Amino acid sequence: MNHTTQRAAIYPGSFDPMTCGHLDVIERAAAIFDRVVVAVVVNPQKRDPLFTLDEREAMIRAAVAELGNVEVTHFRGLLADFVRKIDATVIVKGLRVVADFEAEMSTALMNRSLSNVDTVFLPSDPRWSFVSSTLVKEVYSLGADVAEYVPPAVLHVMQSKRPAPR
Ligand code: PNS
């Protein structure tokens, strides 16, 4: 192997908003790969995101500011095309529960079929295995304190956008 070859991983997602589980996967991927590109999807199947694309990117940038080999960007359309465009070596995904595996397995195989790029799964830290962007948004909108589940930079934006009810 050419030792000068950079191993770039792409970590794609909606990040609406980024959670501590996402940040944990990014930190661990950054320790494994030379470069990690966090890629926020534009116009995913999921309509009406709570946070705009700019907000989502800004929140992630703030949360990964200390990680020198992590970049944040966005993409439209097929992940497989974007993977080729940025010369990523692998796609990184976190796995929380068995349901994640079922969905992610077929996605990984489709992405490999389309772009010949493999997906590497990192097991979610048990601390975050129940944490999802969807649940964070739901409990926050109903008045719960979500400081435990999102990075401080994300909490800050959530509170500035809409103060927690209570
Ligand atoms: O955080 P999410 O919503 O679980 O992330 C899903 C994401 C963005 C990784 C997935 O929807 C995606 O890759 N979308 C881009 C469109 C695409 O390539 N779809 C086919 C996947 S096989």
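These legends accompany several close-up views of a predicted protein model.

**View 1**
Let's start with the overall picture before zooming in. The secondary structure comes to 6 helices and 5 strands, and along the sequence they follow the pattern β-α-β-α-β-α-β-α-β-α-α. Taken along the principal axes, the C-alpha atoms fill a box of roughly 55 × 35 × 30 Å. The radius of gyration is 16 Å, which agrees with the value near 15 Å that a compact globule of 166 residues would have.

**View 1. The surface and what lies under it.**
The protein exposes about 9,300 Å², and carbon and sulfur atoms supply 54% of that area. Of the 166 residues, 45% count as buried. The views that follow visit both sides of this division.

**View 2. The largest nonpolar core.**
Which residues touch the most other members of the largest nonpolar core? They are Met18 and Val92, in a core of 36 residues. Several elements give two or more residues to this core: the strands β1 (8-13), β2 (35-41), β3 (70-75) and β4 (90-95), together with the helices α1 (20-32), α2 (53-63), α5 (133-141) and α6 (152-161). Helix α1 gives the most, with 6 residues. Apart from this core lies another, of 10 residues, and among them are Val41, Phe82, Val83 and Ile91.

**View 3. The surroundings of valine 92.**
Leaving aside residues up to four places away in sequence, valine 92 touches Ala9, Ile10, Tyr11, Pro12, Val25, Ala29, Phe33, Val120 and Leu122.

A search of the whole structure finds 9 salt bridges, and one of them pairs aspartate 24 with arginine 28. Their closest N and O atoms are 2.8 Å apart. Both residues lie in helix α1, 4 residues apart, or about one turn of the helix. Are the two partners buried or partly exposed? Aspartate 24 counts as buried because its relative accessibility is 9%, under the 20% cut-off. Arginine 28, at 26%, counts as partly exposed.

For a sense of distance, aspartate 81 and arginine 56 are 25 residues apart in sequence and 22 Å apart in space, C-alpha to C-alpha.

**View 4. A salt bridge between aspartate 118 and arginine 112.**
How far apart are N and O in the salt bridge formed by the side chains of aspartate 118 and arginine 112? The distance is 3.9 Å, so this pair falls within the 4 Å cut-off used for a salt bridge. Aspartate 118 counts as partly exposed, at 41% relative accessibility. Arginine 112 is partly exposed as well, with a relative accessible area of 41%.

**View 5. Glutamate 104 in helix α4.**
Glutamate 104 is found in helix α4. Not counting residues up to four places away in sequence, glutamate 104 touches Lys93, Leu95 and Phe121.

Leu78, Met110 and Leu114 make a nonpolar surface patch of about 270 Å². One of these residues, leucine 114, has its place in helix α4 (residues 98-115). Leucine 114 counts as partly exposed, at 35% relative accessibility.

Methods:
Residues numbered from 1 in each chain as written. Predicted model: local features only at pLDDT ≥ 70, side-chain atom pairs only at ≥ 80, totals over all residues. Heavy atoms only, no water. Patch = residues over 30% accessible without salt bridge, like charges linked within 9 Å, V, L, I, M, F, W, Y side chains within 5 Å. Areas by Shrake-Rupley, 256 points an atom, 1.4 Å probe, with all protein chains shown as cover. Buried < 20%, exposed > 50% of the residue type's maximum accessible area, 1.4 Å probe, protein only. Core = buried A, V, L, I, M, F, W, Y, C linked by side-chain atoms within 4.5 Å. Contact = heavy atoms within 4.5 Å. Rg over C-alpha atoms; globule rule 2.2 N^0.38 Å.
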